[in-house]
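I opened this one to look at its pockets and its annotated site. My entries follow below.

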Amino acid sequence: MTQTVPASLIPSIRCAGQAPLPTVHGEFLAQVYLREGDALEHVVLSLGLDQPTAVGTPAGVLLRMHSECATGDLFGSLRCDCGPQLTLALERIAREGRGLLIYLRGHEGRGIGLAQKLAAYQLQDRGLDTVDANRALGHPVDSRDYGVAVAILKQLGFSSVRLMSNNPRKVAALESAGIEVLERSAHEVPAQSHNRRYLQTKHQRLGHFLTAIP
């Protein structure tokens, strides 16, 4: 499993385009970043980063590193908590008036891709949990790479963050690369019948910090 990002492995990136993006949560700046030698377009939505930090604002930028999930983010799948987490992150950034969301491409199904994620869903419907389904298909449990996120933060000049995440591996990835995580802020959304077992597996087998699972 990818848990750390050694400094020597932080990729070279470039900003390939940007424009204001009005949303239901407010107007964000949308930027697209490319890793050298890779065509995947990673997206950063930021708010208020061109303004001086207000007096009383906590140190460390409010950050969400969100793994791509077409089924949840685009189509409203109830099998995971990804779509509601994405919406919640934008709401929280808008409330604070300053922060950023890094949308990491290539993370579908914890790195196995959309077609294989659907194959894993079929195995889960036959009784396997999300961990064993990935393994049964011959994949690592979690092969996500957070190097691009680290590179983006460093290019934007952030050395400390307040991370909206339940995933300890995201904390480890940032800290191993020299990004100080001043706070890990719980980012839970309510469970429901379709994703309860999925959330239980993340908590029990992957060590995610989840407390609101019935």
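Which element gives the largest share of the lining of the largest pocket? I found that α8 does, with 4 residues.

**Ground rules.** I am working with a predicted model, where local features need pLDDT of at least 70, side-chain atom pairs count only at pLDDT 80 or more, and totals for chains, interfaces and linings use all residues. Residues are numbered from 1 along each chain as its sequence is written, and side-chain values use heavy atoms, with hydrogens and water left out.

**Largest pocket.** A pocket here is an open set of points on a 1 Å grid over the protein atoms alone, with protein on both sides within 12 Å along at least five of seven lines; lining residues have an atom within 4 Å of a point. Among the lining residues I noted R79, Q124, D125, H194 and Y198. Both α4 (114-125) and α8 (196-206) supply at least two of the lining residues. Helices (H or I, at least four residues) and strands (E, at least two) are DSSP runs, numbered from the N terminus. By type I read 2 nonpolar, 5 polar and 5 charged residues; Ala, Val, Leu, Ile, Met, Phe, Trp, Tyr, Cys and Pro count as nonpolar, Asp, Glu, Lys and Arg as charged, and the others, Gly among them, as polar.

**Second largest pocket.** This one holds about 150 Å³ of space. Its lining includes E27, L29, S46, D50 and L156, and β2 gives the largest share, 3 residues.

**Annotated site.** I then checked UniProt, whose unreviewed entry lists a "binding site" that includes M65, E108, R110 and K170. Its positions are in the numbering used here, feature names are shortened, and annotations may be inferred rather than shown by experiment.

**M65.** I located M65 in strand β4 (residues 61-67). M65 is buried, at a relative accessible area of 0%; the cut-offs are under 20% for buried, over 50% for exposed, and partly exposed in between (1.4 Å probe, protein chains only). Beyond four places in sequence, its contacts (heavy atoms within 4.5 Å) include I102, Y146, L163 and K170.

**E108.** Is E108 buried or exposed? I have it as buried, at 6% relative accessibility. E108 lies in helix α3 (residues 108-111), and its side chain reaches the backbone nitrogen of A70 at 3.0 Å.

Notes
A polar contact is a pair of N or O atoms within 3.5 Å; within protein, one must be able to donate a hydrogen and the other to accept it, and residues adjacent in sequence count only if both atoms are side-chain atoms. On a 1 Å grid over the protein atoms alone, a cavity is a set of points where a 1.4 Å probe fits but cannot get out, and a pocket is an open set with protein on both sides within 12 Å along at least five of seven lines; lining residues have an atom within 4 Å of a point. Grid points are joined across faces, edges and corners, and a volume is the space filled by probe spheres set on the points.
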